[in-house]
Amino acid sequence: MTTADYIALAFFIFIWMGYSWLLHGQTFFGRTSLTHAMAERRREWIYNSLRRDLKMIDTQIMAGLQNGTAFFASTSIFAIGSCFALLGATEKVDAVFADLPFVFHSGHAVFEMKIGGLAALFGYAFFKFGWAYRLFNYCTILFGGIPMVHDTEKDIIAAERAAERVIRMNVIAGSHFNEGLRAIFLSIGYLGWFINPYVFMGTTSIVVFVLTRRQFFSEARLAIMDANPPPNLHLSPVQRNKPSASDGDELSEGL
């Protein structure tokens, strides 16, 4: 490996960690991320379920979350298998890359190491998706402990505690799912390393730029933000005139 390869690899790790740190923060330029906004929508969903006895809709949503996670976990397994299959054809593939323009040919050993790194990315994604699938399963079980409407009215505090357990588990599961999905997206940027380290840094920057835009500046984010959120999402009495936090963007100015 050349010095440029080491720099590109360090850049990849640094920008991945930096983006993850950014999403764990509350805001970016005064804007709430799409992930944090969806966590609040999860809360609305679970608390709305306390107000209805027929919870088939909720169980279908849970099943959809599990099925989507299982799909990406299976995809990650296939991708790992493809990487090992690629190791068996290293000489042929490396020969093709060696004849392409702008490709820095570093030898079979470096090429195999890059494939191993790609397999490690998909392996990380698989473990994240696998754990998310298990947590969504636990979330379904916890959801089964949410009381019916008449029991909720008898003990509102206990009902809210049951709802909070479901919400916390659902948010954690969603976080692991997002981390696995992030690894899949970044693997697209990683493919640039097979051309040369400069393309590697460029493709990684493009992927992170697109992800950041979708989190903080996309239409999908605007679609779920409320200019004036409901004053009381809970069932227990709260102060209804409590001012809501501003999101810091054009929505707070009254679209």
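Here are some friendly notes on the predicted model shown above, point by point.

1. **Ground rules.** This is a predicted model, in which local features need pLDDT of at least 70 and side-chain atom pairs count only at pLDDT 80 or more, while totals for chains, interfaces and linings use all residues. Residues are numbered from 1 along each chain as its sequence is written, and side-chain values use heavy atoms, with hydrogens and water left out.

2. **Confidence.** pLDDT is the predictor's confidence in each residue, from 0 to 100. The chain has a mean pLDDT of 81, with 82% of its residues at 70 or more.

3. **Stretches to read with care.** Over residues 238-248 the pLDDT stays under 50, and the model has 14 contacts there beyond four places in sequence (contact means heavy atoms within 4.5 Å). Residues 250-255 also stay under 50, with eight such contacts. Where pLDDT is low, the predicted coordinates should not be read in detail.

4. **The largest core.** A nonpolar core is a set of buried Ala, Val, Leu, Ile, Met, Phe, Trp, Tyr and Cys residues joined through side-chain atoms within 4.5 Å. Buried means under 20% relative accessible area, exposed over 50%, and partly exposed in between (1.4 Å probe, protein chains only). The largest such core here has 33 residues, and F12, L118, F122, F129 and Y190 touch the most other members. Two or more residues of this core come from each of α1 (3-24), α3 (56-88), α5 (108-143), α7 (156-190) and α8 (197-216). Helix α5 gives the most, with nine residues.

5. What is F129 in contact with, leaving aside its neighbours within four places in sequence? The list is T69, F72, A73, S76, F177, G180, L181 and I184. Next, look for a second, separate core of 16 residues, which includes Y47, M62, I146 and I167.

6. A nonpolar surface patch is formed by M1, Y6 and M113, with about 290 Å² of accessible area together. Patches use residues with over 30% relative accessible area and no salt bridge, joining like charges within 9 Å and nonpolar side chains (Val, Leu, Ile, Met, Phe, Trp, Tyr) within 5 Å; areas come from the Shrake-Rupley method with a 1.4 Å probe, and for residues only the protein chains shown count as cover. A10 counts as partly exposed because its relative accessibility is 42%. The C-alpha atoms of A10 and M201 are 9.7 Å apart, although 191 residues separate the two in sequence.

7. **Salt bridges.** The whole structure has four salt bridges, each a side-chain nitrogen of Lys or Arg within 4 Å of a carboxyl oxygen of Asp or Glu. One of them pairs R41 with E44 at 3.1 Å, N to O; both residues lie in helix α2 (residues 34-49), three residues apart, about one turn of the helix.

8. **A link between helices.** R43 and E164 form another salt bridge, with their closest N and O atoms 2.5 Å apart. R43 lies in helix α2 and E164 in helix α7, so the pair ties together parts that are 121 residues apart in sequence. E164 is buried, at 18% relative accessible area.

9. **R52 and D58.** This salt bridge brings the closest N and O atoms of R52 and D58 to 2.6 Å. R52 is partly exposed at 27% relative accessibility, whereas D58 is buried at 0%.

Terms used. Helix = DSSP H or I, 4+ residues; strand = E, 2+ residues; numbered from the N terminus.
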